[in-house]
Amino acid sequence: MNRKPERSPLVPVPSGFLMREEDVDKTPVLEIRHLGVDFGGLVAVEDFNMALGRTEIAGLIGPNGAGKTTVFNLLTNEIEPTRGIIMIDGYDTRGKKPYEICRMGVARTFQNIRLFKNMTVLENVKIGLHNEMKYSIGEAVFRLPRYFDNEEVSDLRALELLSFFNMQDMAEWKAGSLPYGAQRRLEIVRALATNPSLLLLDEPAAGMNPSETLELMKNIRRIRDEFSIAVLLIEHDMNLVMGVCDGIVVLNYGKIIAKGSPEDIMSDPVVIEAYLGKADQ
Amino acid sequence: MSGNRRAYFKRTLLNTCLCLAFFVTVNYMIGARILNRYYTNILNLVLIYVVAAVSLNLTCGYLGQLPLGHAGFMSLGGYTAAIITTRFSIPDIGPIPGQAVLFFLATVAGGIVAMIAGVLIGLPALRLKGDYLAIITLAFGEIIRVLVQNIKITGGAMGMGGIGKYTNFSWGFFWTVMVVAFTFLLVNSRHGRAIKSVREDEIAAESVGINLTYYKIVAFAGAAFFAGVSGSLFAHHICYLEPGNFGYNMSIEMLVMVVLGGLGSISGSIIAATVLTIVPEVLQTFATWKMIIYSLLLVVVMIFKPSGLMGDFELSAARLIRKIFRRKEDVPQLPENYTEGEETDEQET
C-alpha cells in the first residue's frame, strides 16, 4: 500500500468546499447535479448538488429523516433517481444496476450492518474481491491453474486488507460471531476489497464509545491516505464529522441547507436552527 | 485455504481412492450376491434420490431460495431420456456397449433439456423471492405434469412403457460422484461464494459487485441439469413412466431431504436422502405405522435440530485423518516476512 507522505494545502473551489490543491485540476470522483427523488407524492431529496475531489473526506449530516441514507441509496442506484445526474469518475450512472455501480468504483457500508454472517471473515473479504478474480465457472469446476493462481493471490490480498485493521488472526471466524466493532470494521474491509475510488460510510461510528470513535477517525484518515480514495460519510457524531471531514453538507427535509468547511458549518445559524430549533421570541 | 494446490491434490487423491474402494466393494458384493436384487434396487433408488437432493441443495441450501418444482425438472429429464433410449439405438463400438453410450447421451440430453427449462423459468421467476418463487415453481411443476399428460409422445395419461432397465449401481454411483464433485467444487470457488452471498444478504451482495440475476440463474440451471439427470436415472430404474410419478409430492419429498439433511451441506443431503429412502422400505412390515414413524422422525429432527442433521457442516475424510494424526489445520496466514506500513506508521505520528 502506497502512502502519500505530504498532503497539499486546502484551497476553496466553486462547489463551496475546500479541496486539496493536488485535486483541483482533476475531474471530481463524484459529481451530483440537481439530484432529486420522489416517493409517490413525497419529495424525499430535492436539488442535491455536490462534487467530491479524488482524495477528499466529506460528511453528510442532518437531523433524522433528512434523507441522508436516501442519498446513499441513490448514489448506488438502489433507488432510481427521479431527477438529476450522478457522475462517478465522469461517467453517468443512470440505468446502471447497483453491482455495476460497484464496478465503477463506489463501495459502501450500511447503517445496520449487512455482513454475510454465516460465512468466515476471510470469505466475506473474498466476496469483495470477487470481481478482482478472473476465472470462469469451468475453470473453477475443473480446478484449472488459473483457479489456484487467482485464489492464492486473493487469499493474500484479503489477509493484507484485514491486517489494515489488525484482523488477520480472525480470518477463520464466522463473521456473525465477531464483536460489534469488528463487524463494522469488517464491513469497511469488504468495501475496500472491491477496489473503490469512492467509499460511502453510513454511520460508521454508530454504537461506538468515544475511544473507539477516535480510533475510527484515525482509520478513516488512514484509509484515505493509504488507498488514495475519497470518502463520503453519514454520521451523527459531531466530534468525528468535525474532526475528519474536509467539507460538510447539511441536509434537512431533503434539501441542502448548508455546505462548507467544518468551521463554517459549526457557526452557521441555519444549521443550528435545524438541529436545535429556533429560539422562541 | 481454498487456494492451496498441494492440499487440494492430496484431498482429491484421498477422496478418489475412497470412492473407488467403495465402488469396487459394492460391485463385488452385488456380483457375489451378498446384496440381492431387492437391496440393489433400493441402493439404486437411494443414489437417484441423492442426485436429486444434492442438486436441490444448490438452489435451496446455497442460493437460499425455496423452489418447489424440482420434480418438474426431473420429469423433463426423465421423459426426454426415455424418449431417446426407446427410439434410437447405437451399435457397439468395439468393447464399449452401444446401449451404455446411448444411455449416457440420453441422460445428458435430459439434463440439458431440464437446464434450458430451468433458465427459461428462472429468468422471470427469480425476480421474486421466498413464497412467491415457491408458488411460481410449484405452478411450473404442475404445468409440466399436465403437459406430459396431454401430449402423445409421452404416452399421455396412459404412461410410457418399454423403457430399458439401464440404471444400475455403476451409473447411479457415477452420477452421484458427478453431482457431489460439481457442487463441492463450484461452491468452493468465487462463483460459489457469490451464490452463498446471495443467500446471506442480497443487498450487500449487490453492493460488492455480485450480479444477482446471473448467479441465481447459474445455480438454478446447475440444479435443473442434475435434476434432469436424476429423472433419467429414475425413468430407467422403474422402466415405466406416468405423469403422476413426478407430482408435487416428489418435489416436497426432495425438499424434506434437503432441509432434514441441513441446508448447505452436501453430506447432509446424502445422509438424509439415504435415510429417508431406506426407512420406508424397512418399515414396510409395519405398513400401518410407516407414515406415522416417518412423519414423527421429521417433527423430532425439526424440533431438536432445526438447522437439519448436519447444519452446514461437511463430512471430510481429510479432516478425519488430520484429527486422527493430530495435525494442525492449515489456517491462512500472511507470510512470515510480510511487512506492512504498521511500524513506520507509528514513527511518523
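**Reading a helix, a chain and its contacts**

Guide: Let's start with one helix. In α6(A), the buried residues are A:R184, A:R185, A:L186, A:E187, A:I188, A:V189, A:R190, A:A191, A:L192 and A:A193. Keep in mind that this is a predicted model.

Visitor: What does that say about α6(A) as a whole?

Guide: Since 10 of its 14 residues are buried, α6(A) is largely enclosed by the rest of the structure. The cover over those buried residues includes β8 (106-108), α3, α5, β9 (198-202) and α7 (210-227) of chain A.

Visitor: How do I picture the way residues point in a helix?

Guide: An α-helix has 3.6 residues a turn, so residues three or four places apart point the same way.

Visitor: What should helix α6 of chain A span, and what is the distance between its end C-alpha atoms?

Guide: At 1.5 Å a residue, the 14 residues of α6, residues 180-193 of chain A, should span 20 Å. The end C-alpha atoms are 20 Å apart, which agrees. After α6(A) comes A:N195, with a positive phi near 60°.

Visitor: Now the whole chain. How many helices and strands are in chain A?

Guide: Chain A has 10 helices and 12 strands. Its radius of gyration is 20 Å, close to the 19 Å from the globule rule for 281 residues, so chain A is as compact as a globular protein of that length. Of those 281 residues, 47% count as buried.

Visitor: Which domains is chain A divided into?

Guide: There is domain 1 (7-105 + 198-281) and domain 2 (112-195). Over C-alpha atoms, the centres of these two domains of chain A are separated by 27 Å. Their contact takes nine residues from domain 1 and seven residues from domain 2. On the domain 1 side, α7(A) gives the most, with three residues. By class, that side of domain 1 divides into six nonpolar, one polar and two charged residues.

Visitor: And between chains: how many residues of chain A are in contact with chain B?

Guide: Here 40 residues of chain A are in contact with 32 residues of chain B. On the chain A side, α2 (98-104), α3 (121-128), α4 (137-141) and α5 (145-164) each supply at least two residues. The largest share, eight residues, comes from α5(A). The side of chain A that touches chain B has 17 nonpolar, eight polar and 15 charged residues.

Conventions: Residues are numbered from 1 along each chain as its sequence is written. Chains are lettered from A and ligands numbered from 1 in the order in which they are written. This is a predicted model: local features need pLDDT of at least 70, side-chain atom pairs count only at pLDDT 80 or more; totals for chains, interfaces and linings use all residues. Two residues are in contact if their C-beta atoms, placed from the backbone, lie within 7 Å. Helices (H or I, at least four residues) and strands (E, at least two) are DSSP runs, numbered from the N terminus. Ala, Val, Leu, Ile, Met, Phe, Trp, Tyr, Cys and Pro count as nonpolar, Asp, Glu, Lys and Arg as charged, and the others, Gly among them, as polar. The expected span of a helix is 1.5 Å times one less than its number of residues. A residue is buried if 20 or more other C-beta atoms lie within 10 Å of its own, exposed if 12 or fewer, and partly exposed in between; C-beta atoms are placed from the backbone. Domain bounds come from an automatic or database domain assignment. The radius of gyration is taken over C-alpha atoms; the globule rule is 2.2 Å times the number of residues to the power 0.38.
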